[in-house]
Structures are given as C-alpha cells and as structure tokens.
Amino acid sequence: MSLEDIRNKLAELEKQALGELEQAVKDNIENIRVKYLGKKGELTAILRGMADIAAAERPLIGKLSNDIKTRLEEKISGKFRELKEKSELTALSNLQVDLTLPGDPVGFGHLHPIHQTIEEIVAIFTRLNFAVVEGPEIETDYYNFEALNFPPEHPARDMQDTFFIEDKVLLRTHTSPVQVRVFEKQKPPVKIIVPGKVYRHDADVSHSPMFHQVEGFLVDEGVTFADLKGILTAFIKEMFGEQLSTRFRPSFFPFTEPSAEVDMSCFACKGAGCRVCKQSGWIEILGAGMIDPAVFKHVKYDPEKYTGFAFGMGVERIAMLKYAIDDISLFYENDLRFLKQF
Ligand code: DAH
C-alpha cells in the first residue's frame with residue numbers, strides 16, 4: 001500500500017466510524033469502539049499495511065492514526081454521555097410522581113403538663129407585677145434552714161426529709177431559700193416569684209423525691225396580711241375560677257409569723273363536699289404568712305421599717321387537682337398516652 005492509500009483508508013475509516021456513531025444507541029457504543037479502535041479493530045488492520053511504507057514516512061502515519069484515535073475516542077465518550085443523559089431524563093419523565101400528594105404529617109411536641117402549670121402560675125403573678133427569679137437546687141444549710149429561722153436541732157428541720165450532700169450542703173427542700181438570696185442582693189420593695197425544683201426523701205402516690213414549687217414574696221413599707229389575702233385570692237380565682245373563695249387557717253412555719261395554710265373552696269363540688277375534697281368542701285393549696293422579723297435580721301432589712309408576706313405552693317399538687325390525676329408518678333414516666341392529653 002502506498003502512503004496515499006493509507007491516508008485515504010484512514011480518512012475513510014474516520015468518516016465511517018462517525019457515521020455509525022451518529023446512528024448509535026447507548027447499548028452499541030462499546031461495540032463501535034471495539035470495532036474501530038480495539039486491538040483487533042480496523043485501525044490496527046490498516047496500520048498493518050505500513051509494512052510497504054518507507055521507514056521515513058512511518059512516523060507521519062503514526063501521528064495521523066493517533067490523531068484519528070484521539071478524535072474518535074472523544075466523540076465516542078461524548079456520544080455515550082449524551083445518550084446516557086437522554087435515557088436518564090426519559091426514565092425520570094416516565095416516573096409517575098404525584099407532587100400534589102400531601103406529605104407525611106410532622107408531629108409537634110408541647111410543654112409538659114408540669115411546665116404548663118408553672119407557666120400559668122407565673123403568668124398570673126407577672127400580670128400582678130411580680131418579677132421571676134430562680135435559685136440553686138444545691139443549697140447550703142444556711143439558706144435552706146438557718147437564715148429562714150430554723151435553728152440547729154429545731155424540730156421543723158425534721159419535717160423536711162432532707163437529702164444531704166455534705167454536712168452543710170444539701171438539695172434544697174423548698175424554694176424559700178431564694179427569699180434570703182434575693183434579700184441579700186436587693187433592697188425593698190421586692191416583689192418576686194420563684195419557680196423551681198425541690199427535693200425531699202419521700203415517695204407515694206402524692207409525693208415524689210423531686211417536685212416543683214412556686215414561691216412568692218413581697219416586702220415593702222406597710223405590707224399587711226390583707227395584701228397577702230388579696231393577692232392569693234386573686235390568684236386562686238384566676239387559676240381555678242372566679243366563683244371560688246379562699247380560707248386561711250392558722251399554721252406554723254419558722255420563717256413566717258403569723259403563718260397560715262390556705263384553702264380554696266373545692267372546684268369540683270363548689271364547696272358542697274365530694275371525693276376530691278374528702279367531703280370537706282375545701283382543698284388545701286398553699287402555705288403562707290408574714291415574713292418573720294428574724295429572717296430580716298439575717299439580711300439587714302429593718303423590721304421596724306419593712307414588712308412582707310411570703311407564700312409557697314406545690315406545682316404537682318395543683319396540676320393533680322386541676323386535671324384530676326391520682327398518681328404523681330404519671331408526671332415523670334413520660335408515657336405519651338398520658339402527656340398527649342394536655
Ligand atoms: N417552704 C414551705 C414548704 O416547703 C412552703 C411555704 C410556707 C413557703 C409558707 C412560704 C411560706 O413562703 O410563707 O413547706
């Protein structure tokens with residue numbers, strides 16, 4: 001074969017390969033590559049004819065055939081990509097997806113009933129202009145007892161089933177220590193509400209080793225027991241219903257004098273007597289009193305100048321009454337069948 005023959009053959013081969021490629025479908029592209037560029041393919045066959053060509057001209061043929069090879073390879077892979085994209089698009093457009101179908105519903109959570117109750121209580125007092133303060137759950141003997149007028153060996157300490165951490169460090173048994181912490185930092189007037197966790201070594205259907213209290217207190221010049229009655233009565237009406245009334249019974253707390261236990265008329269029977277109020281018509285709801293001057297002495301408030309009241313209530317107890325729940329542990333098991341009802 002002459003040089004000219006080979007040139008023509010190569011040109012012919014390229015033309016033919018391109019023609020076939022034009023018509024190709026995705027699945028036979030590889031066949032075309034093998035047919036023209038494979039080890040036993042047509043390009044190789046043509047190059048065998050080089051035997052007759054003068055050695056000086058062989059590099060020229062080599063370059064020519066390499067160029068053709070490169071061009072064809074590019075075309076082949078380009079065509080392959082093009083056909084692949086096309087078939088993917090077709091597959092996608094054949095897919096029957098109804099974009100108007102509604103999606104899977106997203107479930108919304110909500111606040112735990114204890115937190116809902118705390119928020120309700122706090123909201124009522126913030127409307128009455130009380131500010132919210134929190135205090136530490138790990139407390140010292142001083143704030144939990146001593147500054148609240150429980151002297152060492154005082155029998156009232158026994159009523160508090162205290163979890164001690166160290167000799168003088170404990171889990172607070174009530175939110176009242178926050179009174180002292182606030183009095184140390186602020187001068188009267190103070191008007192504060194304190195929600196938080198408290199701890200006592202106690203467990204049955206109405207007691208849990210951890211539970212929640214809301215403490216409230218107001219100190220200023222000229223605060224009287226009438227203010228305490230007014231605020232608490234307003235709270236109970238807001239929380240449980242306008243038609244309910246309150247009753248104050250004498251009681252004892254070391255940090256208040258006089259002290260009272262506050263009852264509200266039973267919301268279930270409106271005072272007639274039923275199972276909820278154990279036929280008495282009344283439900284005990286919180287402890288309260290006028291802050292004992294002995295507490296003021298610890299924080300250098302002048303008891304001649306200032307008076308104040310304080311009160312404390314158990315959140316679980318209020319929630320149990322409000323929703324007729326007979327076992328406190330339901331609040332902590334977090335069974336969704338229970339929680340979803342709130
Ligand atoms: N700290 C008391 C308790 O846990 C409740 C209490 C009673 C709080 C009377 C007060 C109060 O502020 O005045 O049993």
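How do the residues of the shell around the ligand divide into nonpolar, polar and charged? The shell holds five nonpolar, eight polar and two charged residues (Ala, Val, Leu, Ile, Met, Phe, Trp, Tyr, Cys and Pro count as nonpolar, Asp, Glu, Lys and Arg as charged, and the others, Gly among them, as polar). This is a predicted model, in which local features need pLDDT of at least 70 and side-chain atom pairs pLDDT 80 or more, while totals for chains, interfaces and linings use all residues. Residues are numbered from 1 along each chain as its sequence is written, and side-chain values use heavy atoms, with hydrogens and water left out.

**View 1. The two domains.** Domain 1 covers 3-94 and domain 2 covers 113-339; the bounds come from an automatic or database domain assignment. Taken over C-alpha atoms, the domain centres are 91 Å apart.

**View 2. The shell around the ligand.** The ligand is surrounded by 15 residues (one heavy atom within 4 Å). His174, Ser176, Arg200, Gln213 and Glu215 are the closest.

View 3. A polar side-chain atom of serine 176 is 2.9 Å from a ligand nitrogen atom. Ligand oxygen atoms lie 3.4 Å from a polar side-chain atom of glutamine 179 and 3.3 Å from a backbone N or O atom of phenylalanine 311. Of the 350 Å² of accessible area that the ligand has on its own, the protein covers 91% (Shrake-Rupley method, 1.4 Å probe). Strand 6 (210-220), strand 9 (282-291) and strand 10 (307-314) each give two or more residues to the shell; strands are DSSP runs of E, at least two residues, and helices are runs of H or I, at least four, numbered from the N terminus.

**View 4. Two cis peptide bonds.** Most peptide bonds are trans. Proline 188 and proline 189 are joined by a cis bond with omega of about 0 degrees; proline 189 is in the loop between helix 8 (177-185) and strand 5 (190-199). Another cis bond, with omega of about 0 degrees, joins glutamate 257 to proline 258, and proline 258 is in strand 8 (residues 256-265).

**View 5. Alanine 324.** Alanine 324, although not a glycine, has a positive phi of about 50 degrees. The loop between helix 11 (315-323) and helix 12 (330-333) contains alanine 324.

Notes:
Polar contact = N/O pair within 3.5 Å; in protein donor to acceptor, adjacent residues only side chain to side chain.
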